[in-house]
Amino acid sequence: MPPVSQSAPPAADALHLKKAKKATGVAAFGTFIEYYDFSVFGYVAATLAVVFFPSGDPVAGLLNTFLVFGTAFVVRPLGAIFFGRIGDRYGRRASLIGSVILMSGAAGLTALLPTYAQIGIWAPILLGFLRMLQGLSAGGEIGGAATYIREWAPVERRNLYISFIPSVGVLGKAGAAGVAALAASFVPAAEMESWGWRIPFLLAIPLGILCLVMRLKIEDSPEFTQSANKGQTTKAPIVELFRNHRSRLTKVFFIALVQNIGTYIGTVYVAVYFSTVLDFTKAEAATIVLIAVTTAALLIPLAGQLGSRIGSKKLLTASYIAYIALTFPSFMLMNAGSLSLAIFGLLLGMVPYALCQAGTYAAMPEFFPVEVRHSGVAFGHSVGAVLGGAGAPYVATWLIGNTGNTMIPAYMLMIFGVLGLAVLLGTVRKNTLTASSHIYR
């Protein structure tokens with residue numbers, strides 16, 4: 001992309017470095033909460049299908065549950081506009097505080113919902129409403145966290161620092177998967193449908209309070225503060241984005257689309273895939289995913305460190321090639337009927353996932369100047385998530401149900417790996433990646 005304004009952060013002296021590490025830790029921990037709250041819905045989807053929809057066709061109930069799951073993605077761009085405006089006008093800190101309050105509150109209220117058997121059609125309606133509130137929050141969180149850390153981190157280590165967002169976010173998924181696995185293991189099936197499914201959602205309340213206290217104590221980013229002090233903030237950042245940054249926004253959308261396909265097929269949908277398609281128990285399915293995503297959380301910072309050395313362009317290229325080359329054997333192992341081979345297969349699939357996560361999150365903030373950075377990252381990523389996150393699990397479920405082909409998720413990941421590679425190489429040929437940042441090389 002064309003060079004953008006690169007206001008250098010303050011000298012990386014000991015005090016600034018200490019503040020940068022604290023800012024990274026607090027922002028990343030909030031992302032842990034966000035991903036826990038947002039993902040737990042997917043890990044208990046099979047149970048929610050029974051609790052919130054009429055009994056009968058289990059596939060129809062699961063599809064309806066994924067439709068509710070998908071509503072959160074549909075409203076994410078609205079959340080990106082709302083929180084992006086707050087972040088670009090009033091500060092990244094204000095946006096981060098608001099997003100975690102909304103996410104944790106919606107998750108906590110979900111735990112208190114009555115079921116379909118108790119209030120009928122109002123149960124799925126209220127479930128969908130609270131899910132939409134979570135989507136609004138998620139729409140602002142990613143843009144806020146990525147922008148905030150990018151503006152604090154030492155220039156030469158931005159890729160590594162930003163990689164802690166997806167790494168800790170994956171741990172949030174792992175926490176959700178772990179709680180779901182424990183609940184499925186220790187709570188009888190009948191009790192799980194009665195009250196056990198509420199446990200993962202109730203944990204959002206204390207986690208949210210802890211994160212809120214932490215975020216209230218942090219400073220805003222020095223780059224935003226400098227821009228605000230000079231009166232360079234934008235009153236309508238989304239208007240500015242569409243007026244002057246459409247090309248950059250489009251590229252972020254495609255990069256985010258591939259990343260979200262990998263995320264929601266490879267780490268959320270697979271839990272349902274193992275239990276409903278491959279006939280593993282719910283406890284086994286949750287355990288397999290827990291092992292895989294915990295491993296991915298460790299791999300992502302290593303990928304981020306690699307990105308600091310070779311640049312996000314090469315890191316993203318490697319991730320897309322890995323999706324094309326490794327996904328099919330990964331799913332073949334999952335389909336072998338063995339628990340150990342299923343674990344190994346999903347672990348293999350975490351390699352392209354980790355590379356893509358680190359490369360995507362480091363790349364997105366570099367497309368935009370400080371005045372519209374929060375809005376640009378949030379909106380571009382959220383629109384990519386609408387198709388990648390909302391559509392992918394539903395399409396995979398529908399296609400498997402109609403074709404009987406259990407390799408459908410593998411084909412989807414491979415196709416979008418090709419798309420990502422085509423977009424990235426096309427971007428490079430047009431010389432539209434930033435030339436002023438060492439992150440893209």
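The legends below describe several close-up views of a predicted model.

View 1. E34 is buried yet forms no salt bridge, and the nearest side chain of opposite charge, that of R215, lies 5.3 Å away. Leaving out residues up to four places away in sequence, E34 touches S99, V100, M103, S137, A138 and E141. T31 counts as buried because its relative accessibility is 0%. Beyond its neighbours within four places in sequence, T31 is in contact with E141, A145, I165, G169 and R215.

**View 2. A123 in helix 7.** A123 belongs to helix 7, which covers residues 122-152, and with a relative accessibility of 0% this residue counts as buried. When residues up to four places away in sequence are set aside, A123 touches F52, P114, T115 and Y116. From A123 to I310 the separation is 187 residues in sequence and 50 Å in space, taken from C-alpha to C-alpha.

**View 3. The salt bridges of E366.** E366 pairs with R150 in a salt bridge whose closest N and O atoms are 3.0 Å apart. This pair links distant parts of the chain, since R150 lies in helix 7 and E366 in the loop between helix 17 (339-363) and helix 18, 216 residues apart. R150 counts as buried because its relative accessibility is 0%, and E366, with a relative accessible area of 0%, is buried too. The side chain of E366 also meets that of R158 in a salt bridge, at 3.8 Å from N to O. Here again distant parts of the chain are linked, with R158 in helix 8 (residues 158-186) and E366 in the loop between helix 17 and helix 18, 208 residues apart. Both E366 and R158 are buried.

View 4. R92 and D88 form a salt bridge in which the closest N and O atoms are 2.7 Å apart. R92 counts as buried because its relative accessibility is 0%, and D88 counts as buried at 1%. Salt bridges link D88, R92, R150, E151, R158, E223, E366 and R373 in a network, and the structure holds 10 salt bridges.

**View 5. The crossing of helix 14 and helix 18.** The axes of helix 14 (residues 246-277) and helix 18 (residues 373-403) come within 6 Å and cross at roughly 35 degrees. Helix 14 passes helix 18 in a right-handed crossing. Sorted by class, the contact between helix 14 and helix 18 has 19 nonpolar residues, nine polar residues and no charged residues.

Technical notes
Residues numbered from 1 in each chain as written. Predicted model: local features only at pLDDT ≥ 70, side-chain atom pairs only at ≥ 80, totals over all residues. Heavy atoms only, no water. Buried < 20%, exposed > 50% of the residue type's maximum accessible area, 1.4 Å probe, protein only. Lys, Arg positive; Asp, Glu negative; His and termini not counted. Salt bridge = Lys/Arg side-chain N within 4 Å of Asp/Glu carboxyl O. Contact = heavy atoms within 4.5 Å. Axes fitted to C-alpha atoms, helices over the stretch in contact; angles between N-to-C directions. Helix = DSSP H or I, 4+ residues; strand = E, 2+ residues; numbered from the N terminus. Left-handed = near helix turned anticlockwise from the far one by under 90°. Nonpolar A, V, L, I, M, F, W, Y, C, P; charged D, E, K, R; others polar.
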